[in-house]
Amino acid sequence: MKSTTSRKSTFFVILALILALTYLAFFGIENYYGDIRQVYVKGANDIRWGIDIRGGVEAVFSPDKQDVEITSEDMDSAKAIIETRLVNNNITDYEVYTDNFNHQIIVRFPWAADESDFDAQKAVQELGETAMLTFCGNQTQTDVILKGAADIKSAQAGVDPENPTVPLVLLELTDAGKAKFAAGTQKYLGQQISIWMDETMISAPTVNNVITEGVATITGIGSAEEAKDLADKINAGSLPFALTVDESKLQIISPSLGSDALKVMVIAGAIAFGIVCLIMITRYRVNGVVASIALLGQLAGSIACISGFFPAVSSFTLTIPGIAGIILSIGVGVDCNVIAAERIRDEFRRGKPLDAAINSGFKNSLSAIIDGNVTIVIVAIVLMGAFGSPDSFLAKIFSPVMSLFGTSITGSIYSFGYTLLIGVIFNLIMGVLASKLMLKSISQLKGMRNPALYGGKKNG
């Protein structure tokens, strides 16, 4: 009896969880203290929209270098690093152009969702920093021990294992950097080694022992967010020269579509979603109801991953290709539920009773659903690896192949791959697991045991 009762309640538990996720993903939780907005859970209003919807800033960068020959390779390198910094900050709707003749780099990117003062100078400041990390003896930059990408392989933000409230950046050194750091810590044993970002000293820890493992840590960082920003700058690489902004050419970009267009898209999307659900309910009855609930959960999960709802997932810039990725993943979700519903109908035609038809229908549809979804997951991963930040995990996997074609950071394609991937992942969670659990549960309720409600013949 307990087992049956538990199964009957499963539908209502999953329904409540999906409705709660949907509400929070779209509306979030926030409060106002006077004019100060305090966000506890991010919702759809916290999504960073692309330039067409929200507008942004355009800046013209020029090398802070006089009487020095600047090659087209230098300009291309600077462009690639700026693109990497933008993608590292989840800004995928950007435009970066190089003017090799005038030695200028033009950058356009959207405002963040919570930016209301439109401080253009602040928005572009970090993009032009050289971001050259050096380790030097004592507290001067005269004796350089480690410098830049030649010695520092990668960086990762973290916390002190002995004190989780203290943020730090863990560095992995190259083979050359490992040897230099071992010699440097031997030379300055009992003294300080200072760590610099460009001309700013970050920290100056005392060397207590010789470090030969090829790792180093940076402490004395203000917050976890600052640690992540520092790690991102190190991973993106240092610019070949500092870039200054021509303030006379710094301008705010007005949205070409605007918030009204966004409202139209939202309304059109809601109507289309409702029509799809109505068709599925009309054709597949209870199966269609369950499928519609699962699709709602899939959509809510995708929005949550874009808005920054989950603490581990930063807010993501939603572009037109990104919206296309969500739409395509919803289409895959519809297909997933249709396949399962049709397989259940086939089992009824073979004369199986209700419970057996549902179990066999999901079992027989699983291979087709998994094959289709895994194929799309692979495509999405390849897109993110090929067109995303070079220091990302996926990019490192594909680097042996993509290195043959040069740097290919394209934010709009990366955005499409990202939304497609998370949409398909939530489709597998909602359209396969949640749908099966809900359908098996609701079929145990009194009054819901008629096979006609699931595509079979009416009892009696």
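Mentor: On a 1 Å grid over the protein atoms alone, a cavity is a set of points where a 1.4 Å probe fits but cannot get out, a pocket is an open set with protein on both sides within 12 Å along at least five of seven lines, and lining residues have an atom within 4 Å of a point. The model is predicted, so local features need pLDDT of at least 70 and side-chain atom pairs count only at pLDDT 80 or more, while totals for chains, interfaces and linings use all residues. Residues are numbered from 1 along each chain as its sequence is written, and side-chain values use heavy atoms, with hydrogens and water left out.

Trainee: Which residues line the second largest cavity?

Mentor: The volume of the second largest cavity is about 30 Å³, a volume being the space filled by probe spheres set on grid points that are joined across faces, edges and corners. Both helix 1 and strand 2 (36–41) supply at least two residues of its lining, where helices (H or I, at least four residues) and strands (E, at least two) are DSSP runs numbered from the N terminus. The lining of the second largest cavity consists of Phe26, Phe27, Gly28, Glu30, Arg37, Val41, Gly43, Ala44, Asn45 and Asp46.

Trainee: How many charged residues are in the lining of the second largest cavity?

Mentor: Ala, Val, Leu, Ile, Met, Phe, Trp, Tyr, Cys and Pro count as nonpolar, Asp, Glu, Lys and Arg as charged, and the others, Gly among them, as polar. With four nonpolar and three polar residues in this lining, the number of charged residues is three.

Trainee: Which helix gives the largest share of the lining of the largest cavity?

Mentor: The structure holds two cavities of 30 Å³ or more, and the largest cavity contains about 90 Å³ of space. Its lining has 13 residues, with Asn287, Asn337, Ala340, Ala341 and Phe362 nearest the centre, and by class there are nine nonpolar, four polar and no charged residues. At least two lining residues come from each of helix 8, helix 9, helix 10 and helix 13 (411–442), and the largest share, four residues, comes from helix 10.

Trainee: Which helix gives the most to the lining of the second largest pocket?

Mentor: The second largest pocket has a volume of about 1100 Å³, and among its 30 lining residues Trp49, Leu262, Met265, Val266 and Ile303 lie nearest its centre. That lining is made up of 25 nonpolar, three polar and two charged residues. At least two residues each are supplied by helix 1 (2–27), helix 2 (51–54), helix 8 (258–284), helix 9 (286–307) and helix 10 (320–349). The most, 12 residues, comes from helix 8.

Trainee: Is Asn138 buried, exposed or partly exposed?

Mentor: Asn138 sits in the loop between strand 7 (133–137) and strand 8 (144–147), and its phi is positive, near 55 degrees, in a residue other than glycine. Buried means under 20% relative accessible area, exposed over 50%, and partly exposed in between (1.4 Å probe, protein chains only). Because its relative accessible area is 30%, Asn138 is partly exposed.

Trainee: What relative accessibility does Arg285 have?

Mentor: Arg285 lies in the loop between helix 8 and helix 9, and although Arg285 is not a glycine, its phi is positive at about 55 degrees. Arg285 counts as partly exposed because its relative accessibility is 40%.
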